[in-house]
Amino acid sequence: MTRTEILIELKKVFAPYTTNKEMLDGITDETDLIKDLKINSANLVDIIIDAEAKYDIEIDYDSADKIINVGTCIDLIMEKLNHDK
Amino acid sequence: MSRRIVVTGLGVVSPNGIGIPAFLHAIQNGISGIKFMPHYRELNFSCQLAGMPDFEWEGLKNYISDVTFHGLKGTNIGYGLAAALDAWSDSGMGYETDEPRWETGCVFGNSIADTEAMKNVINRVDNKEVKKLGSRVVEQAMNSGVTSYISGRLGLGNKVITNSAACATGTQAILMGYEYIKHGYAKRMLVGSAEHVDTYVYGSFDSMRVLSRKFNDQPEQASRPMSSTAGGFIPGSGAGALILEDLDFALQRNAKIYAEVLGGSSNSGGQRLGGTMTAANSTGVIRCIDEALASSGVSPRQIDTISGHLTATNADKQEIQNWTQALNREGDDFPLTNSLKSMIGHCLSAAGSIETVAAILQIEHQFVHPNINLEDPNPEITNLVSIDCLPVKMIKKEVNIVAKANFGFGDVNSCIILSKYN
């Protein structure tokens, strides 16, 4: 799975949690989940749970703490996907 | 302490009508909201009926953001939100605000979180999947979930309090909101209560053998307050909400005024003198009513209508007797008295607020709603008060002052006195 493919799928994961729907289409690696997408920080947990289910991976608590923007989110998912192979 | 407190908005999610127009139509025409619940038969419940609002869950998207809606599972919270936000807009105000509304608070009651929704938590934890619970459980499991969702949506910045007093919760919430305005803490209070009687709560009442079990094939006839065949109550769900305001504050914004809250009382019989966890101490009840009248400056003679607690158990007779003693009125001299529970069942924590909405509509539209299913009045009750005081059809008449009371487990009582605004 390429970064672009993951990005497309991630938009669907973020959608229920962002109040900034207009911005969702144009997200890049630098898009900050809390500042830009206006996601409630408490809901990051739900995004991780949804991503775990979507990609059939497990994201441990320490790794989850590294998620700040879309780029770090994709990094983490790619790392887990590769690791599980 | 000369402040007057008025009602400027109403909202309701009732088993027999959602929204004020539908609810008004239902209570004027004696429309029952009691339905047969096939699932309860499968579960071997003795009572298989419920007053369940015809509530469209997706409709909540009209009240809250999609983000808030996503993951909302607490039915009691949904009911409370809809009633509260309807009351708010009925009062002529918009939802949106950037600044907290420092002058407005909220007292909204409920019994328990939606245990059907909480079942998922129990299953996840027991299956060692706690990591999958997510962030939205605590806010819905906490007893203050309903008030948190309401106050968050509207930016309420004054006292935000969740009360719980079993079946007296709704009336108590209204009284608490009244007192906060009366004492000058707030200018406006959103008050009310919500209840969702889920399967587990329902089952617990069923096991107490306090529910009606002989009318499962006649749902609409099953809730029979004050009748000889009253064999227990029918659990109901829903929510009622009111906007209470300082009169001057309401007048400044040209708010519509439905009625005035003159006063009230909330006490306990202390589970003494015949009072227990589940039975009211009559001395406490009479005291509560008398204190409500005294705080309102109303004499017993001025009461036009009683909106009773009257659940359709053998406590109905004792309740009527308590009213006759508290008001020192009996026979033909007793006020017209009704029980909304004949139509919607007993909505527990939500009973007081839904019934108060009905009481205010009776003042607004000058009528007394019927007691349905009162074909066979209990002679022990008609020995105390004239049968003509217990209307079985809607009566159009001048209604100036209504006494509304509810009594709950724990031997807690609440009574408020409502008046036409003059």
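H4(B) crosses H7(B) in a right-handed sense. The model is predicted. The two axes come within 9 Å and cross at roughly 40 degrees. On the H4(B) side, the contact uses Asn76(B), Ile77(B), Gly80(B), Leu81(B), Ala84(B), Leu85(B) and Trp88(B). H7(B) answers with Gly145(B), Val146(B), Tyr149(B), Ile150(B), Arg153(B) and Leu154(B). By class, this contact holds 9 nonpolar, 3 polar and 1 charged residues. An α-helix has 3.6 residues a turn, so residues three or four places apart point the same way.

Stay with H7(B), which spans residues 145–154. This helix is mostly covered, with 7 of its 10 residues buried. The buried residues are Gly145(B), Val146(B), Thr147(B), Tyr149(B), Ile150(B), Ser151(B) and Leu154(B). What lies over them? The cover includes H4, strand E5 (104–109), helix H6 (138–141), strand E6 (160–163) and strand E7 (188–195), each in chain B. Just after H7(B) comes Gly155(B), with a positive phi of about 65 degrees.

Now turn to the core. In soluble globular proteins, nonpolar side chains tend to be buried together. Here the largest nonpolar core has 125 residues. Which of its members touch the most others? They are Leu190(B) and Ile289(B). Helix H4 of chain B, residues 75–90, gives the most to this core, with 9 residues. A second, separate core has 18 residues. Among them are Val13(A), Leu33(A), Ala51(A) and Val70(A).

Leaving out residues up to four places away in sequence, Ile289(B) touches Trp323(B), Ala326(B), Ala403(B), Ala405(B) and Cys415(B). Trp323(B) and Ala326(B) belong to H12(B), and Ile289(B) belongs to H11(B).

Helix H11 covers residues 282–296 of chain B, and helix H12 covers residues 315–327. They pack at an angle of about 45 degrees, with their axes 9 Å apart. H11(B) is therefore oblique to H12(B). The crossing is right-handed. H11(B) contributes Ser282(B), Val285(B), Ile286(B), Ile289(B) and Asp290(B). They meet Gln318(B), Asn322(B), Trp323(B), Gln325(B) and Ala326(B) in H12(B). The contact between H11(B) and H12(B) has 5 nonpolar, 4 polar and 1 charged residues.

Another helix pair is H8 (residues 169–182) and H14 (residues 351–365), both in chain B. Their axes are 5 Å apart, and the packing angle is about 70 degrees. That value makes H8(B) roughly perpendicular to H14(B). From H8(B), the contact takes Thr169(B), Gly170(B), Thr171(B), Gln172(B), Ala173(B) and Ile174(B). From H14(B), it takes Ala351(B), Gly352(B), Ser353(B) and Thr356(B). How do these residues divide by class?

Next, two loop residues of chain B. Ala166(B) sits in the loop between E6 and H8. Its phi is positive, about 50 degrees, although the residue is not a glycine. Leu273(B) also has a positive phi of about 50 degrees and is not a glycine. Leu273(B) lies in the loop between strand E9 (259–268) and H11 of chain B. Is each of these residues buried or exposed? Ala166(B) has 20 other C-beta atoms within 10 Å. A residue counts as buried at 20 or more, so Ala166(B) is buried. Leu273(B) has 11 C-beta neighbours inside 10 Å and counts as exposed, because the cut-off for exposed is 12 or fewer.

Chain A remains. Ala53(A) is placed in helix H3, residues 44–55 of that chain. Ala53(A) is exposed, with 11 other C-beta atoms within 10 Å. How far is Ala53(A) from Glu30(A), C-alpha to C-alpha? The two are 24 Å apart in space and 23 residues apart in sequence.

Last, the chains meet. In this interface, 9 residues of chain B are in contact with 8 residues of chain A. The chain B side that touches chain A has 1 nonpolar, 5 polar and 3 charged residues.

Methods. Residues numbered from 1 in each chain as written. Chains lettered and ligands numbered in written order. Predicted model: local features only at pLDDT ≥ 70, side-chain atom pairs only at ≥ 80, totals over all residues. Contact = placed C-beta atoms within 7 Å. Nonpolar A, V, L, I, M, F, W, Y, C, P; charged D, E, K, R; others polar. Axes fitted to C-alpha atoms, helices over the stretch in contact; angles between N-to-C directions. Helix = DSSP H or I, 4+ residues; strand = E, 2+ residues; numbered from the N terminus. Parallel < 35°, antiparallel > 145°, perpendicular 65-115°, else oblique. Left-handed = near helix turned anticlockwise from the far one by under 90°. Core = buried A, V, L, I, M, F, W, Y, C linked by C-beta atoms within 7 Å.
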